[in-house]
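Visitor: I have a structure open and would like to go through it with you. Can we start with how the parts are arranged?

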Amino acid sequence: MLLDVKHLEVHYRGIAAVKGIDLAVAAGELVCLIGANGAGKTSTLKAICRLIPSQASAMAYAGRDIRRSAVHELPRTGLVMVPEGRGIFAQLTVQENLAMGAYARGGGDPESQYAAFPRLKERRHQIAGTLSGGEQQMLAIARALMGEPKLLLLDEPSMGLAPMMVEKIFEIVRDIAARGVTILLVEQNARLALQAASRGYVMESGSIALAGSARELLDDRRVKEAYLGEARSA
Amino acid sequence: MKQYFNAKGKPWLVWIGFALVGVVLAVLPFALAQVGTSWVRITNYAILYVLLALGLNIVVGFAGLLDLGYIAFYAVGAYTYALLASPHLNIHLPFWVILPIGAGIAALFGALLGAPTLKLRGDYLAIVTLGFGEIVRIFLNNLSQPVNLTNGPQGIARIDPFQLNGFSFGTYEKFIGLEFSGPIKYYYLLLVVALAIILVNVRLQNSRIGRAWEAIREDEIAARSMGINTRNLKLLAFAMGASFGGVAGGMFSAIQGFISPESFVLVESIMVVSMVVLGGMGNIAGVVLGALLLSFVPEILRWTVEPAQRALFGRMLVDPEVIRMLLFGLALVLIMLFRPAGLLPSAVRRRELAERAP
């Protein structure tokens, strides 16, 4: 397992947001974590990349315990997160943003991303804050790729985007997975996420309610009712 | 700076420009000495402010950490020099030993201020740094008991001037037919230090560290997710900025020959912040310009307000000291109204303000 998390708990001032979940991602997989608002998906992701304090009986990435790692140590080891709300450097240009993505590995050429993101190439000298929401999400993903991740953590890449853009972003996510990058994807758009992923976890109020292959979950009655918006079949 | 000096394809123009500036800077003290030696002194203080503003620019302009107690590091540098080169403790070390020590101690104080404030930003950080500056000043005022370290409010007098192999920066000398007074010698020394610090600033800005600071200023969480050790880099910004202040303080001590806590009051901190903001946060040329303007304008007003009143009204109506600060304040307000990003804004600052405008 590239990422192996056992009994992860996250508390916010005594309120349990994540209540002891187990989660694992094997190398080469695209795993999604779906669930409603406030189910604890983002907290889980933030805990894995150490942005928030958490307790776990085990949290291993590439065989090493990361429970005590500092946030900034992880990108160097290939664990890179695309934060919720994108977290781009709004006042810097597209190119400067991309260059910053390679900081952990000592610098890299933004040119390497332009083949996959022609839109960003067109706007390379534009200020990132003036890009459309979808372009900003592309930039956030491309910037993460500049760090040459082994495991990419994506937090709600479809949030706030037009349907056309959502499709485009998922296309990009599938492409990245096809290139061999392992991805853990947190998403509210359960259908698209399960269609792209090989495996999935369903989170409900801080716990894993269901887990299995993406196919099984797409066919699961409970998932259909709760997350895919399909009416109960008579 | 490209937009101001567009000499693309004409590198010789740039070199001629540099040569001209060099000649002007070289003969400037002699020209000023014709007007009055006090103007050489004023220029020296202006250069000291340039050093301070460049140091603060690292903290405020590059890393985006608002520091309202910056003068404390100037004080630390000044007292370090005064204690190690005066009859007060009867220690007389050479300046080239003390200045690095002063820079080091100031850097230590910088880290000391940085460590507890790592999680603070903006207004909250400003208040803590303001308090820190006052604490240092009050300590200097009161560390005359039980052991007389700082001599309290009386300050430390008879501080050694810079000396090197029998060559003193404090005395008058005639050399190849030119008259070198103490202030003129210090002028050249200050100029060299200022150029060195400008060079360090330029190199820093375009370095890996400079870019990391830029990222921290923009979005700290994103910066951490990029693998930037925000804690160490913020401490480094504080320490580095403080060390420049320490060097400037040591030189101030030697030039003055006397220091007391009164030289390190809050208004001085505010003055340095004003220089950085008014000149253009994060832009080295802007910060230098800001420091020079805010140093010279009050002095020029000092010499013009009185004659102007006599010429206009035939007698003195308002005390020059009052009207001088009034005009100075007005100038600050006007500049900030019409050029909110500073006189020579950095590219990024200009963007930030442009975006906020309606």
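Guide: In chain A, the centres of domain 1 and domain 2 are 24 Å apart, taken over C-alpha atoms. Keep in mind that this is a predicted model.

Visitor: Which residues belong to domain 1 and domain 2 of chain A?
Guide: The domain assignment of chain A gives 1–78 + 150–234 for domain 1 and 88–148 for domain 2.

Visitor: How many residues of the two domains of chain A are in contact?
Guide: On the domain 1 side there are 14 residues, in contact with 12 residues of domain 2 of chain A.

Visitor: Which helix gives the largest share of the domain 1 side?
Guide: Helix α6 of chain A, residues 163–178, with six residues of the side that touches domain 2 of chain A.

Visitor: And how do the residues on that side divide into nonpolar, polar and charged?
Guide: The side of domain 1 of chain A that touches domain 2 of chain A has nine nonpolar, two polar and three charged residues.

Visitor: Ok, strands now. What order do the strands of the open sheet in chain A take?
Guide: The order is β2-β1-β4-β5, four strands in an open sheet of chain A, with antiparallel pairing. The edge strands of chain A are β2 (15–25) and β5 (64–65), and each of these pairs on one side only.

Visitor: How many bridges join β1(A) and β2(A)?
Guide: Eight bridges, with β1(A) and β2(A) running in the antiparallel sense. One bridge pair is A:H11 with A:A16, the latter in β2(A).

Visitor: What sits between the strands in the hairpin of β1(A) and β2(A)?
Guide: Two residues lie between the strands of that hairpin, and A:R13 takes a positive phi near 45 degrees there.

Visitor: What about β1 and β4 of chain A, how many bridges there?
Guide: Strand β1 (residues 3–12) and strand β4 (residues 58–61) of chain A pair over four bridges, in the antiparallel sense. In that pairing A:K6 stands opposite A:A58 of β4(A).

Visitor: Where do side chains point in a regular strand?
Guide: In general, they alternate between the two faces of the sheet.

Visitor: Switching to chain B. How many helices and strands?
Guide: Chain B comes to 13 helices and six strands.

Visitor: How compact is chain B?
Guide: Chain B has a radius of gyration of 21 Å, close to the 21 Å that the globule rule gives for 358 residues, so chain B is as compact as a globular protein of that length. Its C-alpha atoms fill a box of roughly 60 × 55 × 50 Å along the principal axes.

Visitor: What share of chain B counts as buried?
Guide: 43% of the 358 residues of chain B. As for contacts in chain B with a separation of 6 or more, 74% are between residues 24 or more positions apart.

Visitor: Which domains does the assignment give for chain B?
Guide: Domain 1 of chain B is 1–35 and domain 2 of chain B is 38–265. Their centres are 27 Å apart, taken over C-alpha atoms.

Visitor: How many residues of those two are in contact?
Guide: Six residues of domain 1 of chain B, with eight residues of domain 2 of chain B. The domain 1 side of that contact has six nonpolar residues, no polar and no charged.

Visitor: Last topic: how many residues of chain B are in contact with chain A?
Guide: 18 residues of chain B, with 18 residues of chain A. In chain B, α7 (208–218), α8 (220–225) and α13 (347–356) each supply at least two residues of the side that touches chain A. That side of chain B divides into seven nonpolar, four polar and seven charged residues.

Note on methods: Residues numbered from 1 in each chain as written. Chains lettered and ligands numbered in written order. Predicted model: local features only at pLDDT ≥ 70, side-chain atom pairs only at ≥ 80, totals over all residues. Pairing = 2+ DSSP bridges. Rg over C-alpha atoms; globule rule 2.2 N^0.38 Å. Buried ≥ 20, exposed ≤ 12 C-beta atoms within 10 Å, placed from the backbone. Contact = placed C-beta atoms within 7 Å. Nonpolar A, V, L, I, M, F, W, Y, C, P; charged D, E, K, R; others polar. Domains from an automatic or database assignment.
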